[in-house]
Amino acid sequence: MVGRRRAARNNHVALAQQIVALVIDRAMKAGDHMPEQSIAEACGVSRTPIRAAFKILEKNNILIRKEEEGYFLARGAQDGLVDTNVAVETLEQELFTRILADRAARRIADVQSVSALARRYTTTRVEVLNALKILSRDGVVSQLPGSAWAFQPLLDTPRAIAESFAFRLTLEPQAILTPGFTLDPTRASTLRTQMRAFQDLPDARLTAAGFQRLDNDFHIMIAEGSANRFVQGTLLAHHRLRRMAQKEAPPPFRQRQAMEEHLDILDSLERNQLELAADQMVLHLRRSGIRRPETAGRGMSPLLRGPQQAGARIKGIAS
Amino acid sequence: MNRPPVIALFPEASFGAALNCVGIARELAARGAEAVFICHPGFTGVFAEYGFREYHLQPEPAAVPGRGETYWQNFVTTHLAHFDLSPQAQLEAYVAPTWEAIIDTVISVEDSLEALLAQIQPDAILLDNVIMFPAILRSGRPWVRVVSCAETEIPDPCVPPYLSGLAPEDVAGRARWEKAASATLKPAHNRYNAFRRARGLRPLPAGEFLECSEGLNLLLAPSAVRYPRMQPLPADRFVFLEGCVREEVPFDPPPLPANEGPLVYMSFGSLGAIDTDQIKRMIEVFATLPARFYVNVGGFMDEYRQVPDNVSLGSWFPQPSVVAQSALFIHHGGNNSFCEALFHGVPSLVMPYCWDGHDNARRAQDTGTGRHMHRSDWSPDALRGVIETLLEDRALRDRLAAISADMKAEPGVARAAEAVLSLVRAG
């Protein structure tokens with residue numbers, strides 16, 4: 001039951017994001033009318049899910065609703081929409097998000113009891129259990145014998161980040177090379193528009209959150225295109241872990257360069273040049289994985305922590 | 001000249017110098033010059049991320065046998081205890097071994113640097129370091145010295161000795177320091193001078209490892225903290241900068257569970273982050289204060305558990321953007337950090353570890369732009385009291401706002417770029 005509710009919400013959030021992409025694509029402006037019927041047609045869905053998505057966008061201050069007139073854009077394509085993360089907040093979702101945020105911020109320990117979490121969030125054990133079940137489906141936490149739950153290691157140490165890049169270098173090109181790889185053309189087109197819009201933003205508008213959202217969306221799309229279900233599942237779980245830990249972003253030059261590399265990979269995929277796309281993915285990950293020294297000081301040799309592989313030295317967590 | 005002037009920036013292997021130079025390089029590029037970086041091993045990619053071409057030094061392995069990653073890990077760990085010592089006690093424990101290591105680096109990269117300069121053919125070389133690399137002088141190219149540690153790098157009878165952490169008027173302290181420094185640093189200085197002679201350069205006077213440039217010297221010393229000098233530096237060769245603060249990506253502070261009160265940023269640099277016990281002690285105090293604390297813990301995130309609700313840890317922050325939003329900046333006295341605090345009108349609580357940190361901590365205290373506190377010898381109540389005082393001091397804030405306005409009126413990065421290009425045009 002929880003799973004179905006969550007799946008529906010996720011669909012509505014995805015649809016809301018698709019609507020945002022449409023607004024950017026059509027260069028719509030603040031105040032423009034958003035007719036349900038034409039938006040539903042453009043997104044290829046019925047009007048019922050569009051209404052749910054509009055409500056999410058209203059809560060995110062992207063749309064405003066006028067009595068008997070319908071929905072209008074509160075922010076247009078030129079008002080930073082490309083940076084916007086569409087969020088959905090329900091009580092259950094809020095608790096799950098709070099636990100996730102606190103775990104990413106190292107506020108809660110590796111092993112937690114349901115009672116301790118219920119006390120921390122002043123809520124019921126049932127609510128905590130529901131939130132933990134959501135997190136366990138994403139592979140963030142697993143139940144131990146008894147009432148304790150264990151969180152997965154965080155992806156925020158130099159060693160973990162190095163291991164993550166090594167893992168992705170192995171698997172992401174394979175996701176592309178496995179026979180049967182398919183790209184969702186609508187999604188690819190939407191992402192292409194968003195990434196181009198991102199590249200055109202002035203430096204002052206290139207936020208870490210905006211970069212990470214597009215970066216994640218791109219790599220998740222690649223994972224979902226894989227015909228090998230195990231590769232797909234493993235990569236998706238890993239990207240969820242990455243998303244949880246992402247805080248920083250490279251300087252604007254590298255952000256734009258990374259988006260260009262994404263676009264190059266997309267070009268090759270759309271021309272069905274899969275081997276080239278896989279090679280470009282290797283190049284992209286190697287560039288993203290260059291690691292700045294963890295410790296540097298006058299007179300000493302800069303130190304790089306975490307495992308080092310030839311040519312795959314790791315700097316940050318966004319790529 | 002048809003091609004744009006090529007400026008080779010050569011910062012030492014520390015983030016302070018590296019990011020200083022990024023700020024200057026951007027302004028050079030904005031003025032049509034081609035800015036390229038000569039970089040030490042380990043800094044590969046740091047400058048490329050900002051869009052600059054990198055040339056990589058290849059140290060001669062035979063010059064420093066047995067100095068791999070483990071050696072340097074041990075070097076750092078061994079010196080952790082020395083950071084608690086007074087500046088004078090650090091002379092023998094930390095400063096002398098560090099000079100020896102710096103000289104090792106100079107010797108080991110000399111041939112590689114000579115080859116790179118021949119390859120780059122720069123119109124000017126910008127050296128942001130504390131020591132001369134003979135290949136630079138031997139290249140015959142115009143070069144610029146960047147004084148980015150502290151103004152004390154350029155001696156004067158009215159300026160306290162470099163690294164001493166003394167006040168200008170402390171005559172007795174100065175005599176003690178000079179005697180100790182002369183004895184302690186003599187072996188390193190002799191070794192360095194021998195290398196200079198072997199490379200055909202004149203030796204330097206006692207205590208000096210880097211001469212001033214005949215062309216241009218840039219001093220990152222904002223007016224508010226400059227020393228009066230007995231022998232003023234000639235304005236045609238010595239250009240004082242109001243810091244060298246670069247623009248960074250915007251910082252959007254992640255909301256905290258306890259998301260109220262002023263923003264306090266703390267960073268002791270990548271070297272200071274190794275003292276995780278000290279940072280944990282400080283975080284315990286932060287948990288008792290009505291403010292939001294953003295703490296740079298470098299690569300040591302795994303050392304931290306049960307972070308308080310008003311504290312956020314990060315392994316890297318776009319520092320200038322964070323400082324701009326801060327009500328207080330707690331740092332180790334690195335000149336970049338100090339200048340960024342002044343540039344944005346933010347009070348500094350300086351807890352120095354070593355080297356120029358002592359000089360800048362003293363200067364912050366003496367000029368009323370911040371407070372100097374021992375990095376580990378404090379009680380929780382004392383630290384809490386200092387933070388509260390700095391956060392509540394309106395007169396300090398007003399004073400710093402005026403300094404900030406002056407600095408922003410004449411950005412150091414732009415002034416530096418113009419001075420470098422004037423040198424090239426004159427050359």
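Ala160(A) sits in helix 7 of chain A, which spans residues 158-177. The model is predicted. Chain B contains a sheet of seven strands, paired in parallel.

**Ala160(A) and its surroundings**
- Ala160(A) is partly exposed, because 19 other C-beta atoms lie within 10 Å, and a buried residue needs 20 or more.
- Ala160(A) touches Pro153(A), Leu154(A) and Leu155(A), with residues up to four places away in sequence left out of the count.
- Asp79(A) is 81 residues from Ala160(A) along the chain, and the two C-alpha atoms are separated by 37 Å.

**Chain A overall**
- The secondary structure of chain A comes to 12 helices and six strands.
- Chain A has 319 residues, and 40% of them count as buried.
- Take the contacts in chain A between residues at least 6 apart in sequence: 70% of these join residues at least 24 apart.

**Where chain A meets chain B**
- On the chain A side, 37 residues are in contact with 46 residues of chain B.
- Helix 9 (208-225) and helix 11 (252-270) of chain A each supply at least two residues of the side that touches chain B.
- Helix 11 of chain A gives the most to that side, with three residues.
- By class, the side of chain A that touches chain B has 19 nonpolar, six polar and 12 charged residues.

**Chain B overall**
- Chain B has 13 helices and 13 strands.
- A compact globule of 427 residues would have a radius of gyration near 22 Å; chain B has 21 Å, so the value agrees.
- The C-alpha trace of chain B spans about 60 × 50 × 45 Å along its principal axes.
- Of the 427 residues of chain B, 51% count as buried.
- Among contacts in chain B between residues at least 6 apart in sequence, 67% join residues at least 24 apart.

**The sheet of chain B**
- Strands of a sheet pair through backbone hydrogen bonds, either parallel or antiparallel.
- In chain B, seven strands form an open sheet with parallel pairing, in the order 3-2-1-4-5-6-7.
- Strand 3 (53-56) and strand 7 (238-241) of chain B are the edge strands, and each pairs on one side only.
- From one strand to the next, the twist averages 25°.
- Strand 5 (residues 143-147) and strand 6 (residues 216-220) of chain B run parallel and are joined by four bridges.
- Val146(B) stands opposite Leu218(B), which lies in strand 6 of chain B.

**Helices on the sheet**
- Helix 1 (residues 15-30) of chain B packs on the sheet, touching strand 1 (6-11), strand 2 (34-39), strand 4 (124-128) and strand 6 of chain B.
- The direction of helix 1 makes about 170° with that of strand 1 of chain B.
- Helix 13 (residues 412-426) of chain B lies across strand 1, strand 4, strand 5, strand 6 and strand 7 of chain B.
- Helix 13 runs at about 175° to strand 6 of chain B.

**Annotated region of chain B**
- An unreviewed UniProt entry annotates residues 302-418 of chain B as "domain: Erythromycin biosynthesis protein CIII-like C-terminal".
- Over residues 302-418, chain B is 53% helix and 12% strand.
- The end C-alpha atoms of residues 302-418 of chain B are 44 Å apart.

Conventions:
Residues numbered from 1 in each chain as written. Chains lettered and ligands numbered in written order. Predicted model: local features only at pLDDT ≥ 70, side-chain atom pairs only at ≥ 80, totals over all residues. UniProt positions renumbered as here; feature names shortened; annotations may be inferred. Buried ≥ 20, exposed ≤ 12 C-beta atoms within 10 Å, placed from the backbone. Contact = placed C-beta atoms within 7 Å. Pairing = 2+ DSSP bridges. Axes fitted to C-alpha atoms, helices over the stretch in contact; angles between N-to-C directions. Rg over C-alpha atoms; globule rule 2.2 N^0.38 Å. Nonpolar A, V, L, I, M, F, W, Y, C, P; charged D, E, K, R; others polar.
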